[in-house]
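Grab a pencil and keep the model open next to you.

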Amino acid sequence: MCVISKIVTAIFSNFKLKCKWEFVAYAVLLVIALSMRLWDLGDQAIHHDESLHAVYSWYLAEGRGYIHNPLMHGPFQFIGTSALYHLFGDTDTVARLMPAIFGTALVAIPALLKGYLGRAGAFATSVLLAFSPTMLYFSRFARNDIFMAVWTLLLVAMLWRYLDSKRNGYLLLSAAILAFAFSTKETTFMLVAILGSYLTFL
């Protein structure tokens, strides 16, 4: 009995140690990812697409209202950026702050997929997302591409978890994510078609 107790204690201690180091590893990676995304965020000249998102968000912040225009996609970015203008002022840095935050969040999402990718696989995915030149670029760019990357990966994680557990909570979270995605960009219709066809086949 004493031997079994020692084995269980050793396994549990090892598990706690792994979890602790895993948490520290993700925390360090997220700090690095956020630093890379915030560094000199407002120094680069505003791109034409960014200027449209920035100025119409400013109009909304100034009380001029908002009218949906499919050319500039959904209201999510305008409402979010407008709120940030209220909090921090209307600068080029603040216009890009939401993408920087979402780009950092994207790095953390693979942790939700540990059950499918494994601990090492999930962390490796996070590292690749953190240092990917493409993901870094769009995490510093005032467009809605990085938001859609977050919604897509979150939706995949929730659907996989639902298929495994059949818990309705994951369906409710999926519905909320889809609502945010539809309010972000019209490519959500393509996302629904791709995942929907997979689920139909399954």
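Predicted model: local features only at pLDDT ≥ 70, side-chain atom pairs only at ≥ 80, totals over all residues.

Residues are numbered from 1 along each chain as its sequence is written, and side-chain values use heavy atoms, with hydrogens and water left out.

**Exercise 1.** Work out how many helices and strands the protein has.

*Solution.* Start with the rule: helices (H or I, at least four residues) and strands (E, at least two) are DSSP runs, numbered from the N terminus. That gives 10 helices and zero strands. Next, the overall extent: the C-alpha trace spans about 75 × 45 × 30 Å along its principal axes. Finally, burial: of the 202 residues, 35% are buried, where buried means under 20% relative accessible area, exposed over 50% and partly exposed in between (1.4 Å probe, protein chains only).

**Exercise 2.** Compare the span of α8 with the expected one, then find what its buried residues pack against.

*Solution.* The expected span is 1.5 Å times one less than the number of residues. With 21 residues, α8 reaches 30 Å from first to last C-alpha, close to the 30 Å expected. Now list its buried residues; among them are Ile146, Phe147, Val150, Trp151 and Tyr162. These buried residues of α8 pack against α3, α5, α7 (133-138), α9 and α10, contact meaning heavy atoms within 4.5 Å.

**Exercise 3.** Which residues have the most contacts inside the largest nonpolar core?

*Solution.* A nonpolar core is a set of buried Ala, Val, Leu, Ile, Met, Phe, Trp, Tyr and Cys residues joined through side-chain atoms within 4.5 Å. The largest one holds 35 residues, and Phe102, Phe147, Val150 and Trp151 have the most contacts inside it. Its largest share, 12 residues, comes from α8. Zoom in on Phe102: leaving aside neighbours within four places in sequence, Phe102 touches Phe76, Ile146, Phe147, Val150 and Trp151.

**Exercise 4.** Describe how α3 and α5 cross.

*Solution.* Two packed helices are described by the angle between their axes and the distance between the axes. Axes here are lines fitted to C-alpha atoms, for helices over the stretch in contact, with angles from 0 to 180 degrees between N-to-C directions. The axes of α3 (residues 76-88) and α5 (residues 97-108) come within 9 Å and cross at roughly 110°. So α3 and α5 are roughly perpendicular, the label for 65 to 115 degrees (under 35 is roughly parallel, over 145 roughly antiparallel, the rest oblique). At the meeting point, residues of α3 including Phe76, Gly80 and Leu84 face Leu97, Met98 and Phe102 of α5.

**Exercise 5.** Why do the buried residues of α10 line one face of the helix?

*Solution.* First, pick them out: Thr188, Leu191 and Leu195. Seen down the axis of α10, these buried residues fall within an arc of 55° (taken from the directions from the helix axis to the C-beta atoms), so they line one face. In general, an α-helix has 3.6 residues a turn, so residues three or four places apart point the same way. What covers the buried residues of α10 includes α8 and α9 (168-182).

**Exercise 6.** Is Lys185 buried or exposed?

*Solution.* Locate Lys185 in the loop between α9 and α10. With 10% relative accessibility, Lys185 counts as buried. Residues up to four places away aside, its contacts are His73, Gly74, Arg143, Asn144, Asp145 and Met148.
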